[in-house]
Amino acid sequence: MYFAVLGELAVSEGERSCTPHRTKLRDLLALLLVDAGREVSRKRLIADLWDHHPPATAESALYSYVSQLRKTMCPDLPDTPDRLLRDRKSTRLNSSHITNS
């Protein structure tokens, strides 16, 4: 999976575009890419996504965004591990299949 981060964020797998179209999904992906392979706490994601002024529904919205982002990132391709790993406290972008070219 290839991530272009200079300029507008773009995601592709081979010839297929997997770029999220919603702003919050792109923002979430950018935050996870900064720490690819490392857990990013739910608290930090909420603070960063809403510029330290989260709405009352931030936790449920974050849960929904992670789910939507997972579906956006080419989930139907064969033999691909789960790209987003989530537990109750954090989310991690699986960096094992990020390409550099």
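In this predicted model, the cover over the buried residues of helix α3 includes α1 (23-34), α2, β5 (84-86) and β6 (90-93). So which residues of α3 are buried? They are A58, A61, L62, Y65, V66 and L69. Now look down the axis of α3: the buried residues sit within an arc of 140°, so they line one face of the helix. An α-helix has 3.6 residues a turn, so residues three or four places apart point the same way.

With 15 residues at 1.5 Å a residue, α3 should span 21 Å, and its end C-alpha atoms are 20 Å apart, which agrees.

Next, take one of those covering elements, α2. Helix α2 (residues 42-49) packs on helix α3 (residues 58-72) at an angle of about 95°, and the two axes are 10 Å apart. Angles of 65 to 115 degrees count as roughly perpendicular, which is why α2 gets that description relative to α3. On the α2 side, the residues at the contact are R42, L45, I46 and L49, and they meet A58, E59 and L62 of α3. Sorted by class, that contact has five nonpolar residues, two charged ones and no polar ones.

Is T91 buried or exposed? Its relative accessibility is 3%, and buried means under 20%, so T91 counts as buried. Leaving aside residues up to four places away in sequence, T91 touches L32, R38, E39, V40, L45, V66, L85 and R86. Two of these names have come up already: L45 is in the α2 contact with α3, and V66 is one of the buried residues of α3.

Conventions
Residues numbered from 1 in each chain as written. Predicted model: local features only at pLDDT ≥ 70, side-chain atom pairs only at ≥ 80, totals over all residues. Heavy atoms only, no water. Axes fitted to C-alpha atoms, helices over the stretch in contact; angles between N-to-C directions. Helix = DSSP H or I, 4+ residues; strand = E, 2+ residues; numbered from the N terminus. Parallel < 35°, antiparallel > 145°, perpendicular 65-115°, else oblique. Contact = heavy atoms within 4.5 Å. Nonpolar A, V, L, I, M, F, W, Y, C, P; charged D, E, K, R; others polar. Expected span 1.5 Å × (residues − 1). Buried < 20%, exposed > 50% of the residue type's maximum accessible area, 1.4 Å probe, protein only. Arc of directions from axis to C-beta.
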